[in-house]
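Let's take a walk through a protein model, stopping at a few residues along the way. Have the sequence and the 3D view ready.

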Amino acid sequence: MRAGKVVKALITKRTSRPVRVGNLTIGGDAPIIIQSMTNTDTKDVEATVKQIKTLVDAGCEIVRISLPDLESARKVGVIKERLRELNAEVPLVGDIHFDYRIALEAIKHGIDKIRINPGNIGNESKVAEVVKAAKERGIPIRVGANSGSLPKELEHLPPAQALAEAALREVRILEKHGFEDIVISVKSSDVIETIESNRYVAKIVDYPLHVGVTEAGTLYNSLIKSSIALGTLILEGIVDTLRVSIAGDPLNEVIAAKKLLTALHLRKGPNVVACPTCARTVFDVEAVALEVEKLVTDVQEDITISVLGCVVNGIGEGKDADVGIAGVKDGVVIFYKGKIIGTYKFDEGLIKLKELINQILADRKDKTC
């Protein structure tokens, strides 16, 4: 049994109800959806649109934008129109706190989903207004809780349970007003709390779950924390949509999410493997591997490419790769299925490698036609 089939056999998908967000479905039988969030001033339409397009081009499928005031909410329609012009349409989620009027304005201007905390929106009549508007437009609502903002009355509970119960409290407010088009998010900056709180919620309700480690930190910290928490919960079948939260450029979030899903054989994509280097290494393996990754940025098919610092173990270690490159004294060798096909200067070798990759993908396409 191949690795991809093994992984899928390990996953017993939780049965969650489907929720439509724009032209996508979260939950049900839909694949796991990748999300990220802009860090531009939403009122700066061009900067926001530019960042959203970059995220979409990288593979982001839902983008959240901050709506801290009414003026930002009124920009939603303009942003969506500019994205249509750029052929970069994507469902937009409005991130809203405290002022229910912002939610109403965002819905009026075409937001695809809103993220609110019913507990801080105000009295229930205001929540009811938001629910009414969301129902009329078919807009789902994401609710949830973060470990940094737990109600005091839940602090006596174990942390993961308190986090889950805080989210479920928000759900019950919406349900009380007859609203069930809900996505739930429970996030902690602690890996174990994130895992346990999501397990807790998944046992109680069937709403789709948006999963991630909040405030995960800079690149290395986030990659480690997110891989553990998300990897565990994905294998348990209770992730419907995810965000890999990384401080800095949100583009890294999308790249990391795609690589995570590809590693679990839940998405197709290139797999660039590289040796850890030793004294036999004759070129900068990290630099070459990064160059190879650039060559396959747009590839959406499974292909394994091996980057090895020397030819001694290159043929053996690279035999399971579709194609590969290894260092030699005066340049590089390119190999296909473990067999050397030629020796080249470095730049020529990269060109040949790209040609081989394109040929492999073209041959596969011809066979499926």
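Start with Arg142, a charged residue that is buried yet has no salt bridge. Keep in mind that you're looking at a predicted model. Which side chain of opposite charge is nearest to Arg142? That's Asp95, 5.8 Å away. Arg142 sits in strand S7, which covers residues 141-146. Setting aside neighbours within four places in sequence, Arg142 has contacts that include Arg64, Lys113, Arg115 and Lys187, along with Ile114 and His210.

Ile114 brings us to the largest nonpolar core, a set of 76 residues. Ile114 is among the residues that touch the most other members, together with Leu92, Ile141, Ile184, Ile234 and Leu242. Which helix gives the most to this core? Helix H8 (residues 159-176) does, with 9 residues. Now zoom in on Ile184: beyond its neighbours within four places in sequence, its contacts include Ala167, Val171, Val201, Tyr207 and His210.

Last stop: Asp69, in the loop between strand S4 (62-66) and helix H3 (70-73). Is Asp69 buried or partly exposed? Its relative accessible area is 24%, so Asp69 counts as partly exposed. Not counting residues up to four places away in sequence, Asp69 touches Lys43 and Ile102. With Lys43, the side chains are joined by a polar contact of 3.1 Å. Lys352 is another story: Asp69 and Lys352 are 53 Å apart in space, C-alpha to C-alpha, and 283 residues apart in sequence.

Notes. Residues are numbered from 1 along each chain as its sequence is written. This is a predicted model: local features need pLDDT of at least 70, side-chain atom pairs count only at pLDDT 80 or more; totals for chains, interfaces and linings use all residues. Side-chain values use heavy atoms; hydrogens and water are left out. Helices (H or I, at least four residues) and strands (E, at least two) are DSSP runs, numbered from the N terminus. Buried means under 20% relative accessible area, exposed over 50%, partly exposed in between (1.4 Å probe, protein chains only). Contact means heavy atoms within 4.5 Å. A polar contact is a pair of N or O atoms within 3.5 Å; within protein, one must be able to donate a hydrogen and the other to accept it, and residues adjacent in sequence count only if both atoms are side-chain atoms. A nonpolar core is a set of buried Ala, Val, Leu, Ile, Met, Phe, Trp, Tyr and Cys residues joined through side-chain atoms within 4.5 Å. Lys and Arg count as positive and Asp and Glu as negative; His and the chain ends are not counted. A salt bridge is a side-chain nitrogen of Lys or Arg within 4 Å of a carboxyl oxygen of Asp or Glu.
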